[in-house]
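Subject: Structure for your files

Hello,

Here is the structure I said I would pass on. My notes on it follow below.

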Amino acid sequence: MVVAKVFEKPAGYEKAPVDQDGLWKKVIGELFEDFLLFFAPKFHAQVDFRKEVDFLDKELYKEVIEEKKGLRIADQIVKVHLNGGKEKWVLVHVEVQSENQEDFAKRMFQYFYRIYDRFEQEIMALAIMTSPSKSEYAEQFDYSFYGTELYYAYTNCKTEDYDNEQLEQSDKIFSKIILAVKYMNATKDDADKRYAFKEKLLRSVIKDLGHSFTTLRAVFYFIDYMMRLPEELSKQMTAIIQPILTKEAKGMVQFNNEDLSPTLAGIFELEREEGREEGREEGREEGREGIKEIARALLADSMPVESIVRITKLQLEEVEALRDELKH
């Protein structure tokens, strides 16, 4: 069981800068089990996901997170339970770093010892590096001073190190998240190229119906806001994706207007408008049938065809056809 988390929607899809911190924090919070399955499969196998997953970041804002204002970092401090029936729990400390910073390893150590000092529990530290450039800085923290020695290392995953072809073939949903980051980095100044990559990526997410619509919605949200498009291209994307989603989902999608990405929100509006149009068409058809019933009654009373046309506004051919039906 995973605790639901509530996040504010990014303001201004077109103009606001990409909030990688917020997007990562949201998708990790919504798809934490999938996150661990992708980045730490061995550890994932040890976690009992039947028990509640508890996000502790709010509890540590003043002690750890508050000091990092202005840095592009997404923190998730999560309590999980392991298999085996024990009550033992582990803290998973996650950071997403989009810029190469010289003191990153040192700060990872500082967050580690602060969390350890606060909880005295085992900690698995995992850093996700989203920068497209190679880092020249150390990936571990070393300290040595007159016989006092310290070495601290953590799991470090770089999005640029993952092979695109392998990601495209992967059945793990977080492969789509990594592709979105890589495509965003590769298309910063090319909207048309980004459109092509984004359409391909959204198609692949829809095609894999092994995932729930809740998962699809979370991944769409990340991709939509990570790979922003100009308004016209965004509308075009919605028009392209809508029939694909409708066909592939086969009734799985129950749209509501909550927490939808721009593309899904656009599809929601298209579906609603089509529904209204179908309703109007059905209403018009029902109305015409009612008028025809009136015409039949008037014909049965031997009213002239021309008079019925004038009263009902039906075409002369329609009234004559109704008259012929009554004769048989």
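**Helices α6 and α7**

The axes of helix α6 (residues 174-186) and helix α7 approach to within 10 Å and cross at roughly 175 degrees. Angles over 145 degrees count as roughly antiparallel, so α6 is roughly antiparallel to α7. On the α6 side the contact is made by Lys176, Leu179, Ala180, Tyr183, Met184 and Ala186. α7 contributes Lys193, Arg194, Phe197, Lys200, Leu201, Ser204 and Val205. By type, the residues of this contact are eight nonpolar, one polar and four charged. Please keep in mind that this is a predicted model.

Helix α7 spans residues 191-207 and includes glutamate 199. Is glutamate 199 buried or exposed? Its relative accessibility is 17%, and buried means under 20%, so glutamate 199 counts as buried. Leaving aside residues up to four places away in sequence, glutamate 199 touches Met237, Ile240 and Ile241.

**Helix α4**

Helix α4 covers residues 104-119, which is 16 residues. From first C-alpha to last it reaches 23 Å, close to the 22 Å expected at 1.5 Å a residue. Its buried residues are Phe104, Ala105, Arg107, Met108, Phe109, Tyr111, Ile115 and Phe119. An α-helix has 3.6 residues a turn, so residues three or four places apart point the same way. After α4 comes glutamate 120, with a positive phi near 55 degrees.

**Helix α10**

Alanine 265 lies in helix α10, which runs over residues 262-300. With a relative accessibility of 24%, alanine 265 counts as partly exposed, because the buried class stops under 20% and the exposed class begins over 50%. Alanine 265 is 27 residues from threonine 238 in sequence, and their C-alpha atoms are 8.8 Å apart.

**Confidence**

Confidence is lowest in α10, with a mean of 63, and highest in strand β6 (residues 148-153), at 95. Over residues 1-13 the pLDDT is below 50, and this stretch has 35 contacts in the model beyond near neighbours in sequence. Residues 275-281 also stay under 50, and the model gives them two contacts beyond four places in sequence. Where pLDDT is low, the predicted coordinates should not be read in detail.

Regards

Conventions:
Residues are numbered from 1 along each chain as its sequence is written. This is a predicted model: local features need pLDDT of at least 70, side-chain atom pairs count only at pLDDT 80 or more; totals for chains, interfaces and linings use all residues. Side-chain values use heavy atoms; hydrogens and water are left out. Helices (H or I, at least four residues) and strands (E, at least two) are DSSP runs, numbered from the N terminus. The expected span of a helix is 1.5 Å times one less than its number of residues. Buried means under 20% relative accessible area, exposed over 50%, partly exposed in between (1.4 Å probe, protein chains only). Contact means heavy atoms within 4.5 Å. pLDDT is the predictor's confidence in each residue, from 0 to 100. Axes are lines fitted to C-alpha atoms, for helices over the stretch in contact, and angles run from 0 to 180 degrees between N-to-C directions. Angles under 35 degrees count as roughly parallel, over 145 as roughly antiparallel, 65 to 115 as roughly perpendicular and the rest as oblique. Ala, Val, Leu, Ile, Met, Phe, Trp, Tyr, Cys and Pro count as nonpolar, Asp, Glu, Lys and Arg as charged, and the others, Gly among them, as polar.
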